[in-house]
Every structure is written in structure tokens, then in C-alpha cells.
Amino acid sequence: MSDARAAAAAIEVRRLSKRFGAVNAVDRLSFDVPIGSVTGFLGPNGAGKTTTLRMVLGLAIPSSGEARVLGEPYRALERPLSRVGAALETTGFHPGRSARAHLEIACLEGGLDRARADAVLSLTGMGEFADMRVRGFSLGMKQRLAFATALLGEPTVLVLDEPANGLDPAGVAWLRGFLRRFAEGGGAVLVSSHLLSEVAEIADRVVVIDRGTLVADDTVDRLVGAGGETVVVRSPDQDRLRSAVETAGGVVLGRPDGALGVKQLSIERVGEVAGAQGLVLHELRRETASLEDAFLALTGTPPPPGGVVPGAPPIRPDVHDEASP
Amino acid sequence: MIRLVRAEVRKVRSTRLWIGLGLGGLGLTGLATLLLLSLANTDQGRLSGLHPVATAEDLRRLVFDAAGVLAFVLVLATTMATSEFRYGTAVGTYLATPSRMRVITAKALSAAPIGFVYGAVAGLVVVLLAVGWLAVKGEPVPFGSPAMTGVAQVGLQGAYGAVLAVCFGALVRSQLVAILGLLGWLFLIEPLATAVQPALTRWTPFAGVNGAFNSTTDPGVVLLGHLGALALAAAYVALLWAAAVWAERRRDA
């Protein structure tokens, strides 16, 4: 690998595979996470996202292939917490330990100043819960604590597994802004998520995997743009409208809401065709594909249960979650 | 390595388990001490081989026999390793320190002083209770350096047990299996095996290694000498440490 490429990629994954018995959880996966970007890591449940992240972080041993972080295998990094911050779904907390104790232990292990514990508690809105034992924490509070742990060493690379899970809307908005600023400041973020709308808003690039293999690795704009534009049109006389649009060269798709979806004609042309036929229109608008559409087209599966479709309100955290970062 | 050892000690101090196990161990030690002292002057006690505490050497022996904290040390040290897997905190530990060897070494090095303190405090409790008991009875108090040697011996036994247990916990990972395995060995398998075949005793990880700290009260058993038993203890620790490091390097966290 050239120095220029190594310098540009914070994380390099090359033909990474992981087998569990006869099952290929990850199969010859390759992608880069560039510095100065947020890369979304998407895939249906069981696609191999968490296994991939665990291999990147040296927590799981690849069956073949390799992953490098800042040019080295994670296990070879000196003082890794100062270079890579990670929050995985599998990251646990001792229920009898307070948030502050958890962070101070991580500071000791990572060779960091203990004052960092209070700094990240404050940053993530966990200051008032610092001395509370983790067994009393909600999912959202545990997410904040995991994120606080990832930020302890002021790293340049963040690897986050479903970081918005359980956060309240204010928390999700804060996280979105933080990750954008982090990347703009020269950091690199690899974030797996089921929240496609969130990924669409914060990610520059998206890596999509399905059954352990890569199905897409591109910018969000290009991935969404590949789905093209659809003109949504509705008339009291749908049959005549359909016929006129098809005659003009449009491809008409039925929609569950009864309107017609028109491809290969511009919105202006659809309006002209309807006008020429004297058709009354009740609806005429442009609709662009969403990341969810692209995800569905690439993986052939709906977003996993618990995922939030675009436009739906984020999940509310359960009890205790009153801090807003 | 020092900061990793400090982190491991902090992990133990940050939960309440060490307090509960410490109080349990000291409570058992107190009961055992009072029981042995009260039985020592009876016919039944004499038949059981108990001696009244008349000399400093008797007091040292009482310390070693009554300090019943080893099982509690084994449980605490085992959880130092197994709770990392039970609660998933091993992920954070290995993210901070990817070297499995350094993590397990730090756990072993931190378990040793914790085990020593448990053992030594239990030994001191025995000495204090015995001194108080004899003073109340109006009998001479044979306090001297052998008693303190006994306290140090019990401390060393605790340190050895803790290191052994933390390595075994890292090897096994399952908290339940590791604790039941160690206690089962200590209270069931080793006593049964050595009862059937006394010649085995000198090679066992608990009774055999006692040769390094004390001599057996059973005249039919000949333990290794101090140096031999110390070498045996070191061999058990090295074996379990190496096995735990070898296994952890090949397993996913």
C-alpha cells in the first residue's frame, strides 16, 4: 500500500473473513474509512457488521485477511485509547461500578490523565450521574457512558456500533452534530447503525454489507442518486393520465397510496402531458430516493425491527434518561 | 505495567464484593479461632490432635489452622478475571490493552497483594482473638515472632491462592465453572485424592504447597521442603498463567 493511501485511510479492511464453523459471518470484505469523513456501516441483522467491527478492533481474530487502523493492526497500536475510540454494542459495564469509576479505570488502563473522566462525563451530559452505579442506568445512559469512554483519549478515529440506540431526540441531534464536527476536524468515524435516516444525515460514505459480503461502498449522494428521481402524480382520471404519460415515454409505477410514480420524464414534462390532455391534477411532486430505498434495493430486505424509518420519531429512552448532552 | 496493576486493584475496590467476601472470611476465621481455642483444652480436642496454645509455635500453628480465608480469596480472585467476561468488560479492557499477556499478568500481579492482605488480616484476627482469649483466662500469652511468621505465612498462602485463582478464572472464563471448580478441588477432589493416595499430597496445589508455608499436622504425610514446595507453587502458577495467556490469545473477546 502506498504511503499516500495509508495516510488517507484511517481504517483499511482487506479481504477480511471470519468463519464460525460452517458459517461465513464475514467473507472477503474490503473497504476503507477515509480520514476527515463519517462512514456509515449498514447491513441487515446478522450481516456481519459487529463481527467486522470487532475484527477491526482486535477483539475477534480474522479467519483470513487483515484490518489496519492508522496503518497498523489494532493489537499493535501503542496507547490505543489515545488513537482510537470505540463504543460497541458488546461493550459491557460492571453493574456495581459507578460511571466515574468505570471511566477512571479506563484512564488508568489507557495511560490517560484521570481528569479526562470528568471532562467526558460533562461532555456527554452524564455529570450528574457520575457516582450512580451502572445497574440503575437506562439504555440511553449506557450509550452515553460508552460514548464517553470512546472519547476519553481524545482519539482521531471513532468506531461506533449503533451509537444512537436508546438516545432521546436531543441526544441523537447532539451526537449527529458532534460526529460531523469530529470528522470536519480531521477525525475519521466508522458508524454502524440501523437508523438509516441518521446515517443519511451524518455520513459522507456508506459501506453496505449483506451476509458478510460487500454490496456497496460509495458516497451517500451517489448511492441515493442511483435510485433516480420519481415524479408522483395523481388525477381523478388515473387511467387517462397513465395512458398519456406512457405514450409520452414515461415508465409508470403503481404506488400503494393510489398515485402514479413516473420515471424517465421530468416533472415539467408530466405537467405538460397532463395539460395537453385537459386532465385535472390533485398532486404533482418530485420524489427522490432515500437511503432506505437504496438499502432495500441493495440488500433485498427491509430495515431491521427496531430501526427507524425516515420521518418516524426517534426512540424515546426509558427511565432515568433525563440528561441531554 | 504498574498502571495496569493499579487499574485491576481499582476494579476490585470499585465494587462491594471484596467487602462482603472479606467480612465473610473474617467471620469464619473468628468462629474457627474461638472453636479451636475452646476445644483445645478438652478431651475431644486432644483426641483430634489440638494443642492448647502454650508456646509461640502453638500460636503460629493456630494462626495457620484457623485463618479460614483461603476459599474467600479464591472466589474474589476468580471473579477478578471471570467478571470481565460475565459483564462484557473484557471488551473495554482489551481495547485499552490489546496484549492479552499484559492483561493477565497485571491481574496476577494485582491479585497477589490482595490475597496477601486478606490472609494477613485473617492471621492478625486469629492472633488478637487468641491473645484476648488467653488474657481473659489468665493464662500466659506466648506472643512472639513465630506468631507474626504465621501471619505472614497465611498472607503468602492467600497471595498464592489469589494468583492461582485469577489465572484459572482467565483460562475458564465462566464464573460459575471456575468458582465451583476451584472450591470443588479445594474441599472435595484434593482431600479425597490424598486420602486415597497420601503420597500424592506433596504434589497437590493446596495441601502440597503448604509445605512452603507450614508443615502438615498429619504425621503420615511428608511434604516437600520449603524450597521444593515453593518451586511447586511457582510451577502451578506458571502453568496456569501460560495456559490462560495461550488460550486468551486464540479466543475472541
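The following questions and answers concern a predicted model.

User: In which order do the 6 strands of the open sheet with mixed pairing in chain A stand?

Analyst: This open sheet of chain A has mixed pairing. S5 and S9 (213-219) stand at its edges, each with a single partner strand, so one side of each is left without a neighbour in the sheet. The twist averages 15° from one strand to the next. The order is S5-S6-S7-S3-S8-S9.

User: Is strand S6 (residues 157-161) of chain A largely enclosed by the rest of the structure or left open, and how many of its residues are buried?

Analyst: A residue counts as buried if 20 or more other C-beta atoms lie within 10 Å of its own. On one side of S6(A), Val157(A), Val159(A) and Asp161(A) are buried, and on the other Leu158(A) and Leu160(A) are buried too, which leaves both faces covered. The strand is therefore largely enclosed by the rest of the structure, the number of buried residues being 5 of the 5.

User: Which residue is the bridge partner of Ala87(A) in S6(A)?

Analyst: Strand S5 (residues 84-87) of chain A pairs with S6(A) in the parallel sense, over 4 bridges. Within S6(A), the bridge partner of Ala87(A) is Leu160(A).

User: Which residue of S7(A) stands opposite Asp161(A)?

Analyst: S6(A) and strand S7 (residues 188-192) of chain A run parallel and are joined by 5 bridges. In this pairing Leu158(A) stands opposite Val189(A). Opposite Asp161(A) stands Ser192(A).

User: What is the handedness of the β-α-β unit made by S6(A), H6 and S7(A)?

Analyst: The two strands of the unit run parallel. The helix of the unit is H6 (residues 169-184) of chain A. The β-α-β unit is right-handed.

User: Is Glu162(A) buried or exposed?

Analyst: Glu162(A) has its place in the loop between S6 and H6 of chain A. Its phi is near 50°, a positive value in a residue other than glycine. Most residues other than glycine have a negative phi. With 20 C-beta neighbours inside 10 Å, Glu162(A) counts as buried.

User: At about what angle to S1(A) does helix H2 of chain A run?

Analyst: H2 (residues 49-56) of chain A lies across S3 (37-42), S6, S7 and S8 (205-210) of chain A, running at about 150° to S6(A). H2(A) also lies across S1, S2 and S4 of chain A. Its angle to S1(A) is about 120°.

User: Across which strands does helix H5 (residues 139-151) of chain A lie?

Analyst: This helix runs at about 165° to S5(A). S5(A) is paired with S6(A) over 4 bridges. The strands that H5(A) lies across are S5 and S6 of chain A.

User: Which strands stand at the edges of the open sheet of 3 strands in chain A?

Analyst: The order in this sheet is S2-S1-S4, with antiparallel pairing. Each edge strand has a single partner strand, so one side of each is left without a neighbour in the sheet. Neighbouring strands of this sheet are turned by 15° against each other on average, direction ignored. The edge strands are S2 (23-34) and S4 (64-69).

User: Which residue of S2(A) stands opposite Arg19(A)?

Analyst: Strand S1 (residues 9-20) of chain A and S2(A) run antiparallel and are joined by 8 bridges. The residue of S2(A) opposite Arg19(A) is Asn24(A).

User: What value is phi of Arg28(A) near?

Analyst: Arg28(A) is found in strand S2 of chain A. It has 14 C-beta neighbours inside 10 Å and therefore counts as partly exposed. Its phi is positive although the residue is not glycine, with a value near 45°.

User: Where does helix H5 of chain B bend?

Analyst: H5 (residues 70-86) of chain B has 17 residues and reaches 23 Å from its first C-alpha to its last, close to the 24 Å expected. Gly88(B), with a positive phi near 75°, follows H5(B). The bend, of about 40°, is at Met80(B).

User: How far apart in space are Leu39(B) and His51(B), C-alpha to C-alpha?

Analyst: Leu39(B) lies in helix H2 (residues 17-40) of chain B. With 16 C-beta neighbours inside 10 Å, Leu39(B) counts as partly exposed. Leu39(B) and His51(B) are 12 residues apart in sequence, and their distance in space is 8.9 Å.

Methods
Residues are numbered from 1 along each chain as its sequence is written. Chains are lettered from A and ligands numbered from 1 in the order in which they are written. This is a predicted model: local features need pLDDT of at least 70, side-chain atom pairs count only at pLDDT 80 or more; totals for chains, interfaces and linings use all residues. The expected span of a helix is 1.5 Å times one less than its number of residues. The bend at a residue is the angle between axes fitted to the seven residues ending there and the seven starting there. A residue is buried if 20 or more other C-beta atoms lie within 10 Å of its own, exposed if 12 or fewer, and partly exposed in between; C-beta atoms are placed from the backbone. Two strands pair if DSSP finds at least two bridges between them. A crossover is right-handed if, with the strands pointing away from the viewer, the path from the first strand over the helix to the second runs clockwise. Axes are lines fitted to C-alpha atoms, for helices over the stretch in contact, and angles run from 0 to 180 degrees between N-to-C directions. Two residues are in contact if their C-beta atoms, placed from the backbone, lie within 7 Å.
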